[in-house]
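Here is a short report on one protein model. Keep the sequence and the 3D view open as you read.

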Amino acid sequence: MSDTPQKKPRARKKAVSKNDKPAKAEQAPKTDGLDSTEAKKAAVLAAALSQAAFDGFNAKVLEAAGKEAGVWKAELAGLFPDGPLGLIEFYSRKVDTEMVERLAQMDLPARKIRARIQAAVLTRLAILKAHKEAARRAA
(Lines give C-alpha, C1' and ligand atoms only; values in the text may rest on other atoms or scores of the structure.)
Protein backbone atom coordinates (compact mmCIF):
# COMPACT_ATOMS: atom_id res chain seq x y z
CA MET A 1 0.00 0.00 0.00
CA SER A 2 1.16 3.49 -0.69
CA ASP A 3 1.18 6.37 1.75
CA THR A 4 -0.67 8.73 -0.58
CA PRO A 5 -4.21 9.49 0.46
CA GLN A 6 -6.97 8.03 -1.69
CA LYS A 7 -9.31 10.45 -3.42
CA LYS A 8 -12.92 10.16 -2.36
CA PRO A 9 -15.38 9.90 -5.22
CA ARG A 10 -17.65 12.91 -5.45
CA ALA A 11 -21.35 12.46 -5.06
CA ARG A 12 -23.10 13.01 -8.33
CA LYS A 13 -25.94 15.43 -8.53
CA LYS A 14 -29.19 13.94 -9.66
CA ALA A 15 -30.29 15.30 -12.98
CA VAL A 16 -33.66 16.98 -12.76
CA SER A 17 -35.95 16.18 -15.62
CA LYS A 18 -39.10 17.99 -16.67
CA ASN A 19 -41.17 15.16 -15.23
CA ASP A 20 -39.75 15.73 -11.71
CA LYS A 21 -41.09 19.26 -11.62
CA PRO A 22 -44.27 19.45 -9.55
CA ALA A 23 -47.45 20.69 -11.14
CA LYS A 24 -49.45 23.49 -9.60
CA ALA A 25 -52.40 22.40 -7.50
CA GLU A 26 -55.70 23.04 -9.25
CA GLN A 27 -57.58 23.89 -6.10
CA ALA A 28 -55.83 24.75 -2.87
CA PRO A 29 -57.41 23.32 0.28
CA LYS A 30 -58.33 25.49 3.23
CA THR A 31 -55.19 26.37 5.16
CA ASP A 32 -56.61 28.73 7.79
CA GLY A 33 -53.98 29.14 10.47
CA LEU A 34 -51.81 26.26 9.24
CA ASP A 35 -48.04 26.50 8.97
CA SER A 36 -46.45 25.73 5.62
CA THR A 37 -45.74 22.08 6.49
CA GLU A 38 -49.34 21.45 7.53
CA ALA A 39 -50.58 23.35 4.50
CA LYS A 40 -48.46 21.21 2.19
CA LYS A 41 -49.64 18.03 3.90
CA ALA A 42 -53.23 19.19 3.53
CA ALA A 43 -52.68 19.93 -0.16
CA VAL A 44 -51.18 16.48 -0.75
CA LEU A 45 -54.04 14.86 1.16
CA ALA A 46 -56.65 16.76 -0.85
CA ALA A 47 -55.02 15.59 -4.07
CA ALA A 48 -54.67 12.01 -2.81
CA LEU A 49 -58.25 11.54 -1.65
CA SER A 50 -59.74 11.44 -5.14
CA GLN A 51 -57.10 8.98 -6.36
CA ALA A 52 -57.16 6.81 -3.23
CA ALA A 53 -60.81 6.02 -3.85
CA PHE A 54 -59.72 3.98 -6.87
CA ASP A 55 -56.15 2.89 -6.13
CA GLY A 56 -56.02 2.93 -2.33
CA PHE A 57 -53.29 4.64 -0.35
CA ASN A 58 -50.02 3.51 -1.89
CA ALA A 59 -46.67 4.99 -2.93
CA LYS A 60 -47.87 5.66 -6.47
CA VAL A 61 -50.88 7.64 -5.23
CA LEU A 62 -48.73 9.56 -2.73
CA GLU A 63 -46.22 10.50 -5.43
CA ALA A 64 -48.94 11.57 -7.89
CA ALA A 65 -50.70 13.60 -5.19
CA GLY A 66 -47.45 15.31 -4.28
CA LYS A 67 -46.85 16.21 -7.89
CA GLU A 68 -50.40 17.55 -8.23
CA ALA A 69 -50.02 19.56 -5.02
CA GLY A 70 -46.72 21.09 -6.17
CA VAL A 71 -44.51 19.24 -3.69
CA TRP A 72 -41.11 17.89 -4.73
CA LYS A 73 -40.34 14.19 -4.21
CA ALA A 74 -37.64 14.88 -1.62
CA GLU A 75 -39.91 17.23 0.28
CA LEU A 76 -42.72 14.68 0.08
CA ALA A 77 -40.47 12.14 1.80
CA GLY A 78 -39.89 14.66 4.57
CA LEU A 79 -43.58 15.39 4.97
CA PHE A 80 -44.55 11.72 5.07
CA PRO A 81 -41.47 9.74 6.19
CA ASP A 82 -43.60 6.61 6.63
CA GLY A 83 -44.91 6.96 3.08
CA PRO A 84 -48.58 6.12 2.47
CA LEU A 85 -49.03 5.08 6.10
CA GLY A 86 -48.06 8.61 7.15
CA LEU A 87 -50.62 10.01 4.74
CA ILE A 88 -53.33 7.80 6.24
CA GLU A 89 -52.32 8.89 9.75
CA PHE A 90 -52.47 12.55 8.70
CA TYR A 91 -55.93 11.96 7.17
CA SER A 92 -57.12 10.37 10.39
CA ARG A 93 -55.80 13.27 12.47
CA LYS A 94 -57.50 15.78 10.17
CA VAL A 95 -60.81 13.96 10.52
CA ASP A 96 -60.33 13.76 14.32
CA THR A 97 -59.66 17.49 14.50
CA GLU A 98 -62.71 18.37 12.42
CA MET A 99 -64.87 16.04 14.50
CA VAL A 100 -63.72 17.64 17.75
CA GLU A 101 -64.39 21.11 16.32
CA ARG A 102 -67.92 20.13 15.26
CA LEU A 103 -68.68 18.40 18.55
CA ALA A 104 -67.48 21.48 20.47
CA GLN A 105 -70.26 23.47 18.80
CA MET A 106 -72.91 21.07 20.13
CA ASP A 107 -74.36 21.17 23.62
CA LEU A 108 -73.17 17.67 24.52
CA PRO A 109 -73.18 18.01 28.34
CA ALA A 110 -76.93 18.59 28.24
CA ARG A 111 -77.44 15.24 26.46
CA LYS A 112 -77.56 11.76 27.86
CA ILE A 113 -74.51 9.59 27.24
CA ARG A 114 -76.27 7.58 24.52
CA ALA A 115 -77.11 10.79 22.64
CA ARG A 116 -73.50 12.02 23.01
CA ILE A 117 -72.13 8.82 21.52
CA GLN A 118 -74.69 8.93 18.73
CA ALA A 119 -73.77 12.54 17.94
CA ALA A 120 -70.05 11.68 17.83
CA VAL A 121 -70.54 8.67 15.55
CA LEU A 122 -72.89 10.50 13.20
CA THR A 123 -70.53 13.49 13.06
CA ARG A 124 -67.59 11.27 12.13
CA LEU A 125 -69.61 9.49 9.45
CA ALA A 126 -70.75 12.84 8.05
CA ILE A 127 -67.14 14.00 7.77
CA LEU A 128 -66.01 10.77 6.09
CA LYS A 129 -68.99 10.73 3.69
CA ALA A 130 -67.32 13.19 1.29
CA HIS A 131 -64.55 10.66 0.62
CA LYS A 132 -66.32 7.46 1.61
CA GLU A 133 -64.38 5.12 -0.67
CA ALA A 134 -60.99 6.60 0.23
CA ALA A 135 -61.86 6.28 3.92
CA ARG A 136 -62.83 2.64 3.37
CA ARG A 137 -59.51 1.94 1.67
CA ALA A 138 -57.62 3.64 4.50
CA ALA A 139 -59.20 1.33 7.08
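Which residues does Thr-123 touch, not counting residues up to four places away in sequence? They are Met-99, Arg-102, Leu-103 and Met-106. Touching, or contact, means heavy atoms within 4.5 Å.

This is a predicted model, where local features need pLDDT of at least 70, side-chain atom pairs count only at pLDDT 80 or more, and totals for chains, interfaces and linings use all residues. Residues are numbered from 1 along each chain as its sequence is written, and side-chain values use heavy atoms, with hydrogens and water left out.

**Helix α5**

Thr-123 sits in helix α5, residues 113-129. Helices here are DSSP runs of H or I with at least four residues, numbered from the N terminus. Ile-113 also lies in helix α5. Buried means under 20% relative accessible area, exposed means over 50%, and partly exposed is in between (1.4 Å probe, protein chains only).

| Residue | Relative accessible area | Class |
|---|---|---|
| Thr-123 | 7% | buried |
| Gly-56 | 8% | buried |
| Ile-113 | 56% | exposed |

Ile-113 belongs to a nonpolar surface patch with Ile-117, Val-121, Leu-122 and Leu-125. Together they have about 490 Å² of accessible area. That area comes from the Shrake-Rupley method with a 1.4 Å probe, and only the protein chains shown count as cover for residues. Patch residues have over 30% relative accessible area and no salt bridge, and nonpolar side chains are joined within 5 Å. A salt bridge is a side-chain nitrogen of Lys or Arg within 4 Å of a carboxyl oxygen of Asp or Glu.

Now turn to helix α2, residues 59-69. Its buried residues are Val-61, Leu-62, Ala-65, Gly-66 and Ala-69. Seen down the axis of α2, they fall within an arc of 135°, so they line one face of the helix. The arc is that of the directions from the helix axis to the C-beta atoms. What covers these buried residues includes α1 (36-55), α3 (73-79) and α4 (84-104). The face turned away from the buried side of α2 carries exposed Ala-59 and Lys-60.

At the start of α2, a side-chain oxygen of Asn-58 comes to within 3.1 Å of the backbone nitrogen of Lys-60. After α2 comes Gly-70, with a positive phi near 80°.

**Gly-56**

Where is Gly-56 found? It is in the loop between α1 and α2. Gly-56 touches Gln-51, Val-61 and Arg-137, not counting residues up to four places away in sequence. Gly-56 and Arg-137 are 81 residues apart in sequence, yet 5.4 Å apart in space, C-alpha to C-alpha.

Key:
Helix = DSSP H or I, 4+ residues; strand = E, 2+ residues; numbered from the N terminus. Polar contact = N/O pair within 3.5 Å; in protein donor to acceptor, adjacent residues only side chain to side chain. Patch = residues over 30% accessible without salt bridge, like charges linked within 9 Å, V, L, I, M, F, W, Y side chains within 5 Å.
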